[in-house]
Amino acid sequence: MQASQDHLWLSGKAEWKGRAKQSSEGTSGLPESWHTPSEKSSTGWLRQTLRPVGIKILFPLAWSPFFLLITAVPLALPNRTPIDDQIAAASFFAISWLLILIPLYLIRYSQPTDVVSIHTLPFDWITFALASTVFGLHLSIHPAFGWLSYALFWLAWFRSYTMIRDVVTSPAGRWLLPVDSSDWKSSEHIREGWHIKSEFWTSGPIAVLNIDSGQITLTGVSRGNDRFISISLIGASGFVHDPFADPSSRAKLSEPQVMSPGLDWPSRLLPA
């Protein structure tokens, strides 16, 4: 099954709207100092397009404000629902936020990232916590605090939407270089300045470089019997981005960071 999809491994599936095709677009984001395959050489870095985040998050995100809006209906118009008003409001409220958090977590989990903590998701936890605190005050002080907390929850939603939008608009991709895993030594093949996590090739993080917008990572990747080094940007929320699409990351990577020409690209992995 994996072998039948080899020709799509780099370019991504056709239904991924707006994907970067592995032709002129596939190498246009790489600085000239980085080596890419050409007619004279089949070695170098190639871009792998990952599944765009927006494909799976936009639909549930569009429904989330609807449930947050109708959360107030049972409270503003009591005794109009077939169940207890408090239960109905709480159910709508929970659905509105689960439609954001669950897809975000599952989408990130499907990406090649080792960030799993929920609190790093692109979600405005601070305003959400403040709104929850204010909501508790309406029970002990005055019911008006309930509507104030509701307004703060809307503020948390809009701020979370902005954070998610920034993740969605950043291209999901990484760059790969075929290597001989038995000959790999991080201290010899990586420029100074990186924090080396593994001296030898491993299927996972090998080295990291901290920058303002997140963490640039070198990772070991396998496809069949072939081994690769990948370079990507892991943003603050844990999602994988093309490192050369981010200004601060691109500036840091203006010069090649891996001192190895790599091996020839397997022809079966090149897009048809």
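Rings of Phe, Tyr and Trp (for Trp, the six-membered ring) are taken as a pair if their centres lie within 6.5 Å, and the planes count as stacked under 30 degrees apart, as edge-to-face over 60 and as tilted for the rest. With that in mind, select F93, W97, F123, W125, F128 and F153, which form one aromatic cluster. The model is a predicted one, in which local features need pLDDT of at least 70 and side-chain atom pairs count only at pLDDT 80 or more, while totals for chains, interfaces and linings use all residues. Residues are numbered from 1 along each chain as its sequence is written, and side-chain values use heavy atoms, with hydrogens and water left out.

The structure holds 24 aromatic pairs. Select F67 and F92 next: their ring centres are 6.4 Å apart and their planes stand at 40 degrees, so this pair is tilted. F67 lies in helix α2 (residues 54–70) and F92 in helix α4 (residues 85–109), so the pair ties together parts that are 25 residues apart in sequence; helices here are DSSP runs of H or I with at least four residues, strands are runs of E with at least two, and both are numbered from the N terminus. F67 counts as buried at 18% relative accessibility, whereas F92, at 24%, counts as partly exposed (buried means under 20% relative accessible area, exposed over 50%, and partly exposed in between, with a 1.4 Å probe and protein chains only).

Move on to Y150 and W154, an edge-to-face pair with 6.4 Å from centre to centre and 85 degrees between the planes. Both residues lie in helix α6 (residues 144–169), four residues apart, or about one turn of the helix, and both Y150 and W154 are buried.

Now colour strand β1 (residues 46–49), where L46 and Q48 point one way, R47 and T49 point the other way, and all are buried. Four bridges join β1 to strand β2 (residues 173–178), and the two run antiparallel; strands pair if DSSP finds at least two bridges between them. Within this pairing, R47 stands opposite W175 in β2.

The last stop is S186, in helix α7 (residues 186–189). What is the relative accessible area of S186? The value is 0%, and S186 is buried. If residues up to four places away in sequence are not counted, S186 touches I196, S198, E199, F200 and I206, where contact means heavy atoms within 4.5 Å.
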